Structure formats: structure tokens, C-alpha cells
Amino acid sequence: MRDLIEKAVSTSRLTRDEIAAVLGDNSCNQELFAAADRVRKQFAGDEVHLRALIEFSNFCRCNCLYCGIRAGNNLVERYRLNREQIISLAKKASASGYKTIVLQSGEDIYFTAEALAEIVAEIKKLDVAVTLSIGERSYEEYKILKDAGADRFLLRIETTDKSLYEKMHPKASFENRKRCLYDLKKLGFETGTGCLVGLLEQTYESLADDILFFKELDADMIGIGPLIPHEHTPLKDCSAGDLTLALKVLALTRLLLPDINIPATTAMETLHPEGRMMALQSGANVVMPNVTLDEYKSKYEIYPDKANVNYGELSEKLRQIGRTISEKKGFRGNSDRPLTLNSVTDLE
Ligand code: SAM
């Protein structure tokens, strides 16, 4: 195991079997987390980037078996913020010092690309980076959003196991999800993807495929979430994803994609009071505090008991581990400027 960790540190490469072997062996977890922490420090620095998350609609046309806001959950009280409400939240977040605004929603086609583009353009006047997380759209719609100034896009592949994907996402197309990610990359978005850890039937090999897919896509951001069962979904009786396994997937992702941005996800903190700090010491360098008003936050319940970020507590805990809160927009590689399409081509 130590040799495999060393190989990952020095070459940023492991085979599928090697990744699966590390995931399946718990004898060197502390060494793995420490190695990912060192690589994070070397390639992404000690700054932690805070992204202000605005959950602007919980309407969703999808029926993901695990998700609390799935279309089939009639017990959800649906809400949509209007343009003014979204922009006002973004202004508040920017005035408090946030350099990135993340607009997230269910797959709500009420918000056309044109309507969202207007909102993005308005928020961009605040000199912030804008990240969208609104699900699957066409190339043309993504282009409208990119042209309006959106910088980044988050769309987790959830799992690269096609048959598991299709079981978890009724009527959804695995090929279309992948198409979306490659379109986003082609359009010059900093592209985020990621997976759920703890999906039924998931194997170490399947998680290894997920990590290799992140590398193949050359993802700029990776979100890894342990699955947390929601009582009003078909997966209500399954057990929660394993936090240690999720941290190992995170750490290996850091080793194989050294300079990307990796959030310490809320789902990790929901599973363990120190989950976020554990992630930040196992390769993560981003935190996404939710700045949505409380009355809506509770309705955007993708899983129960979602943890909150307490700013004062977080900055004190970060100080204790020698980390600081960034004042930059925090693009990949801790730069303040996104890669241009030219520089993406240059890299190929
Ligand atoms: N609709 C957008 C999309 O599909 O990317 C963004 C919203 S979606 C609710 C955001 C993420 O929540 C998903 O990518 C999924 O991984 C995560 N999620 C949903 N239900 C979850 C659960 N029960 N436990 C952990 N994460 C969950």
C-alpha cells in the first residue's frame, strides 16, 4: 500500500486495480490522507476557497432514487426564487467577501438559459466568479450561459457504472450526462463533476473507474459525497455511505489530479461533526457555505439534517490547522484567472 501511495504521489497515476486495492485496504489510511494533504499544499496551497451557495429552486424534473427533491416526492414544498431575490442574495454574499457565487437548483426548466443568462450577467457585475449547478442542458443552452459570463459548472457523473447509473436515475441517459460534461469542458467552463459513495452495488472497481473518469475528463473540480438516505425516497432503507471510504476516494482524487479544486462536502459534515475538517486535511481545499435564506434552505432537502457552516467556527478551526480563507476567486491551481480556451488548447 505504501508503494502504491508513493507511486500516486510521484506520478499522479494508478491503474484501476491499484486504485481498487488502495480503496479496499485500510492498513495505510492515515498515510494516504497525509500524502493527499501534502499534495494539496504543494499544488493548491494553504488557502481555502469559500463559495457562496444559493439554492434558487427545488423544482426538479428528475427522479434520482436517492434525492429528496426528486420529482416523485410529493411531500416537498416546492419553491423558486425570482430574479431579484437571487441577485439580492448574490449581492449580500459578495458584500460579505465571497468571491464565488454558486447558483444551484433541481432540474427546473422554468428557468430558461436566457433567463439564467440575464441573472448571471447581473451577478458578474459584482466582480465574482459564477458557478452553475442546474443539471443537464443542450450545448446551445450551455453556450448562452458561458457567453453571459458563467465561469464554472458542476455536474456530478454520480457513478460511471452505466447499469448502476441507469438503475439510480430512471429514464435518464448516462451518455447524455457524459455528453454534457464534455460539452461544458469544450465551452471553456471550469468543469466540476464527482460521485456518490455508497450507492447500492457499488464496488471498489466502480469507484476506481469514477476516479479514472475524472482524470480522463481532466475535471477542474471534484465533489465527492457519501450517500445519505432520505426517508421520502426509494432508497430510504439503505445505509449511509461510509465516510472513511468517501475520504479515501477524495484523497486518491487529489493524488491523481493534484491541482484541482475539491470541496469538503456538506454530506461529509452531516455524517460526522468533524467531517468537513477531516476532508480539508485529506486533500480538500474548498468549502461551500449555504447563503440561501433559512425558509428555503429547509425545503432544499436533498438529504436530511444537512450541516451548516458557521463562519466564525470555520475560520478558527482553519487557523488551528495552518490554513487561511482565500480572498481570491480560486480557479484551478489557485489562480485568480480562469484558463482561456486558448490555454486549454495549448495544454493538449
Ligand atoms: N440538479 C443538479 C444536478 O443534477 O447536478 C444539481 C442539484 S443536485 C440535488 C446536487 C447533488 O446532490 C447531486 O449531484 C447528488 O450527488 C447530491 N445528492 C442528492 N441526493 C443526495 C443524497 N441523498 N445524499 C448525498 N448526496 C445527494
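Figure 1. Setting aside neighbours within four places in sequence, Pro338 is in contact with Asp151 and Phe331, where contact means heavy atoms within 4.5 Å. Pro338 belongs to the loop that runs between β9 (324-325) and α15 (341-347); helices (H or I, at least four residues) and strands (E, at least two) are DSSP runs numbered from the N terminus. With a relative accessibility of 33%, Pro338 counts as partly exposed, a class that lies between buried (under 20% relative accessible area) and exposed (over 50%), with a 1.4 Å probe and protein chains only. Arg38 is 300 residues from Pro338 in sequence, and their C-alpha atoms are 24 Å apart in space. The model is predicted, so local features need pLDDT of at least 70 and side-chain atom pairs count only at pLDDT 80 or more, whereas totals for chains, interfaces and linings use all residues. Residues are numbered from 1 along each chain as its sequence is written, and side-chain values use heavy atoms, with hydrogens and water left out.

**Figure 2. Two residues with positive phi in loops.** Asn334, although not a glycine, has a positive phi of about 60 degrees. Asn334 is placed in the loop between β9 and α15 and is buried, at 17% relative accessible area. Glu201, also a residue other than glycine, has a positive phi near 70 degrees. Glu201 is found in the loop between β6 and α9, and its relative accessible area of 54% makes it exposed.

Figure 3. An N or O atom in the side chain of Glu158 is 2.6 Å from an oxygen atom of the ligand. For the side chain of Arg177, the separation between an N or O atom and a ligand oxygen is 3.4 Å. A polar backbone atom of Ile302 is 3.5 Å from a nitrogen atom of the ligand. Taken alone, the ligand exposes 560 Å², of which the protein buries 92%; accessible areas come from the Shrake-Rupley method with a 1.4 Å probe, and for residues only the protein chains shown count as cover.

**Figure 4. Helix α8 and its cover.** Helix α8 spans residues 174-186, and its 13 residues reach 19 Å from the first C-alpha to the last, close to the 18 Å expected at 1.5 Å a residue. The expected span is 1.5 Å times one less than the number of residues. Phe174, Arg177, Cys180, Leu181, Asp183, Leu184 and Lys185 are the buried residues of α8. Their cover includes α6, β5 (152-154), α7 (162-168), β6 (190-197) and α9 (204-217). At the start of the helix, a side-chain oxygen of Ser173 comes to within 3.3 Å of the backbone nitrogen of Glu175. Just after α8, Gly188 adopts a positive phi of about 90 degrees.

**Figure 5. Thr191 in strand β6.** Thr191 lies in β6 and is buried, with 0% relative accessible area. A polar atom of the Thr191 side chain is 3.0 Å from the backbone oxygen of Phe189. Beyond residues up to four places away in sequence, Thr191 touches Phe153, Leu181, Leu184, Lys185, Leu217, Ala219, Asp220 and Met221.

**Figure 6. Helix α5 and its buried side.** The 12 residues of α5 (residues 113-124) reach 16 Å between first and last C-alpha, close to the expected 16 Å. Ala113, Leu116, Ala117, Ile119, Val120 and Ile123 are buried in this helix. They cover an arc of only 165 degrees around the axis, which puts them on the same side of α5; the arc is that of the directions from the helix axis to the C-beta atoms. Among the elements covering them are β2 (52-57), α4 (83-95), β3 (100-105), β4 (129-133) and α6 (139-147).

**Figure 7. Val102 in strand β3.** Val102 is found in β3 and counts as buried at 1% relative accessibility. Outside the four places on either side in sequence, residues touched by Val102 include Arg51, Ala52, Leu53, Ile54, Thr131, Leu154 and Met288. Phe56 is 46 residues from Val102 in sequence and 9.9 Å from it in space, C-alpha to C-alpha.

Note on methods
Polar contact = N/O pair within 3.5 Å; in protein donor to acceptor, adjacent residues only side chain to side chain.
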